Amino acid sequence: MSLNCVFCHKLVFGKTGVTVPSMGPAHQTCYQAHSALKRTFQRLDIGALSDDELADLRDLVLAEDNDRRRKQADPGSNGDVELF
Ligand SMILES: [Zn+2]
């Protein structure tokens, strides 16, 4: 494994380096810049999803959102399946 930063491709020296899971070594500053730009949620890299996966995720988020709104509007509801 090379010790070049996966972002800027320059050599990473001991103390300034971090290891990015599934990517490799990086400078801390490069990694921070990358993380700030990257669309991640929890540990999910949304940019790495396929179009189908992204569509599935969007449906899940919308369904969860609808469900919570409905429960807020009607706290007695026990979460019936809603088709839409
Ligand atoms: Zn770098």
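View 1. The number of buried residues in α2 is zero, so the helix lies largely in the open. A residue is buried with 20 or more other C-beta atoms within 10 Å of its own, exposed with 12 or fewer, and partly exposed in between, the C-beta atoms being placed from the backbone. Residues are numbered from 1 along each chain as its sequence is written. Because the model is predicted, local features need pLDDT of at least 70 and side-chain atom pairs count only at pLDDT 80 or more, while totals for chains, interfaces and linings use all residues.

**View 2. The protein chain as a whole.** Its elements run β-β-α-β-β-α from the N terminus; helices (H or I, at least four residues) and strands (E, at least two) are DSSP runs, numbered from the N terminus. Of the 84 residues, 7% count as buried.

**View 3. The hairpin of β1 and β2.** Strands β1 (residues 17-20) and β2 (residues 24-27) run antiparallel and are joined by four bridges; two strands pair if DSSP finds at least two bridges between them. Val20 has Gly24 of β2 as its bridge partner. Three residues lie between the strands. Ser22, in the loop between β1 and β2, is not a glycine, yet has a positive phi of about 65 degrees. Ser22 counts as exposed, with 7 C-beta neighbours inside 10 Å.

**View 4. The largest nonpolar core.** Five residues form this core: Cys5, Val12, Ala26, Cys30 and Tyr31. A nonpolar core is a set of buried Ala, Val, Leu, Ile, Met, Phe, Trp, Tyr and Cys residues joined through C-beta atoms within 7 Å. Not counting residues up to four places away in sequence, Tyr31 touches Val18, Val20 and Ala26; a contact has C-beta atoms, placed from the backbone, within 7 Å.

**View 5. Thr29 in helix α1 (residues 28-37).** Thr29 is partly exposed, with 13 other C-beta atoms within 10 Å. The C-alpha atoms of Thr29 and Val18 are separated by 9.4 Å, and the two residues are 11 apart along the chain.

**View 6. His9 in the segment before β1.** His9 has a positive phi of about 65 degrees although it is not a glycine. With 10 other C-beta atoms within 10 Å, His9 is exposed.

Conventions. Two residues are in contact if their C-beta atoms, placed from the backbone, lie within 7 Å.
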